[in-house]
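Me: I should like to learn how to read the features of a protein model. Could we go through them in order?

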Amino acid sequence: MEKLSPGGLSHLYMTIFLHNFSTFMVIPAITDVTMTALCPGRDECSIAIYLTGFQQAIVGLGTLVMMPLVGNLSDKCGRKALLTLPMIFTIIPLAYSRTRNFFYAYFVAKTLTAMVCEGSVHCLALAYVADNVPEGRRASTFGILSGISSSSFVCGTLFTRFVSTTSMFQVATSVAAVAVMYMRIFLPDSIIDDNISAPLLSTEKPKVSNSDENSNAELQSSTALPSLPDIIALLKTSPTFSQAAIVAFFSNLADVGLHASLLYYLKARFHFNKDQFADLMVISGVAGTISQLVLMPLLAPVLGEERLLSIGLLFGCAHMFFYGLAWSFWVPYAAAMFSIFFVFAQPCMRSIVSKQVGPSEQGKAQGCISGICSFANVISPFAFSPLTALFLSEKAPFNFPGFSIICVGFAAMVAFIQSVMIKAAPPISSERVSSNCNHMEP
């Protein structure tokens, strides 16, 4: 397969930066917007916590179906075509009214679009990188992609610190529209070699498809939603892939639980508002950006993705425990600095997965992992939102406001323990391509 020039990836980086900038800049204000609409004048609101958890569960159900489908479709229709849909849908809730009278309409619009958009852009960007970067440099490039996302996170939340909520959503809408136009104009599409038909889940010999009938049949099969047996077969391709899937599930279970609870916890515990949330996110984002753009490209070739994955998950556990045990307002700021290490986890895990499948199956593999993460999105709110609401209320069985976050930390600990068991395995994607070429039927 022909690799893109560095300019191709630079356009991908700019696309991801603009898209994430538009979505991240509104995050610090969402808690205040929700609290103002549902519980004006209060620092604790159980209904807001439950509604946020309900939204995450519904979005998780949607993405559980959409992620494997989007990844599978992108293997045939191209990454660029599939990127367009979620990036356009992202604009809709940003432009919608969030006033108290229209809050529930905004809530429904946000939920429905997130069922398609949540994680899709990131999943497709990872597959795009895997298409165009050799395996030896893939972990570092995934780290750079995550670093670009972190830098957009920093810029977005820093921008939020100095503008009003109304202006912030207007700017976010405009930037999201610019991101779509930039991507459509400048981003070259990946070139996936479709001449060799060697699907991972097929037991048939690979063969060259020349007839229109065969091509149409192949297209219909490849763009269909993968069945449960297909996904199970994909998970069984190697022990490394299945272990990475377990890590992805528990890691995402913890991350979603933390993000759903943390801002409400800090608002109730230390009376944080939009500005303090933005400060906290800027600290975390700056540390993560420096780590992914500077440290990770240096450490990945030396330590390997498996060790970096374990290091990232270990520090992820530690920073969750610090949040849960916070005894003063400065502790969350100190905990945010741990992002300099815990940001290693996601790009390393994705790099490990990408090396276990063939070039024409990157979208399917990344979509499968994203679907597993979406399943964790469904479960996490049911586990942690009631705990958060209970221990932030006056009916808590004992005085421990951060108890739910401590439980989140234990879920992350399970992911860390599993990551330690992952052993470095030789990449099989190149071997599969070589095998396919040597055994093609005439």
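Reply: We begin with a definition: a helix is a DSSP run of H or I with at least four residues, and helices are numbered from the N terminus. The model shown is predicted. In it, alanine 334 has its place in helix α14, residues 331-336.

Me: Is alanine 334 buried, partly exposed or exposed, and why?

Reply: Buried means under 20% relative accessible area, exposed means over 50%, and partly exposed lies in between. Alanine 334 has a relative accessible area of 30%, so it is partly exposed.

Me: How many helices and strands does the chain have, and what share of its residues is buried?

Reply: The chain has 19 helices and 2 strands. Of its 442 residues, 55% are buried. The accessible surface of the chain is about 18600 Å², and carbon and sulfur atoms account for 66% of that surface.

Me: What span should helix α11 have, and what is the distance between its end C-alpha atoms?

Reply: The expected span is 1.5 Å times one less than the number of residues. Helix α11, residues 239-270, has 32 residues and should therefore span 46 Å; its end C-alpha atoms are 45 Å apart, which agrees. Helix α11 bends by about 35° at serine 261. It is mostly covered, with 24 of its 32 residues buried. Just after α11, histidine 271 takes a positive phi of about 60°.

Me: Where is the kink in α3 centred?

Reply: The kink in α3 is centred on threonine 63 and amounts to about 30°. From its first C-alpha to its last, α3 reaches 44 Å, close to the 46 Å expected for its 32 residues.

Me: Which residues make the nonpolar surface patch?

Reply: A patch is made of residues with over 30% relative accessible area. Here Leu61, Leu64, Val65, Phe375 and Ile379 make a nonpolar patch of about 380 Å². Both α3 (46-77) and α17 (362-391) supply at least two of its residues, and α3 gives the most, with 3. Isoleucine 379 lies in helix α17; its relative accessible area is 31%, so it is partly exposed.

Terms used:
Residues numbered from 1 in each chain as written. Predicted model: local features only at pLDDT ≥ 70, side-chain atom pairs only at ≥ 80, totals over all residues. Heavy atoms only, no water. Patch = residues over 30% accessible without salt bridge, like charges linked within 9 Å, V, L, I, M, F, W, Y side chains within 5 Å. Areas by Shrake-Rupley, 256 points an atom, 1.4 Å probe, with all protein chains shown as cover. Salt bridge = Lys/Arg side-chain N within 4 Å of Asp/Glu carboxyl O. Buried < 20%, exposed > 50% of the residue type's maximum accessible area, 1.4 Å probe, protein only. Bend = angle between axes of the 7 residues up to and from the residue.
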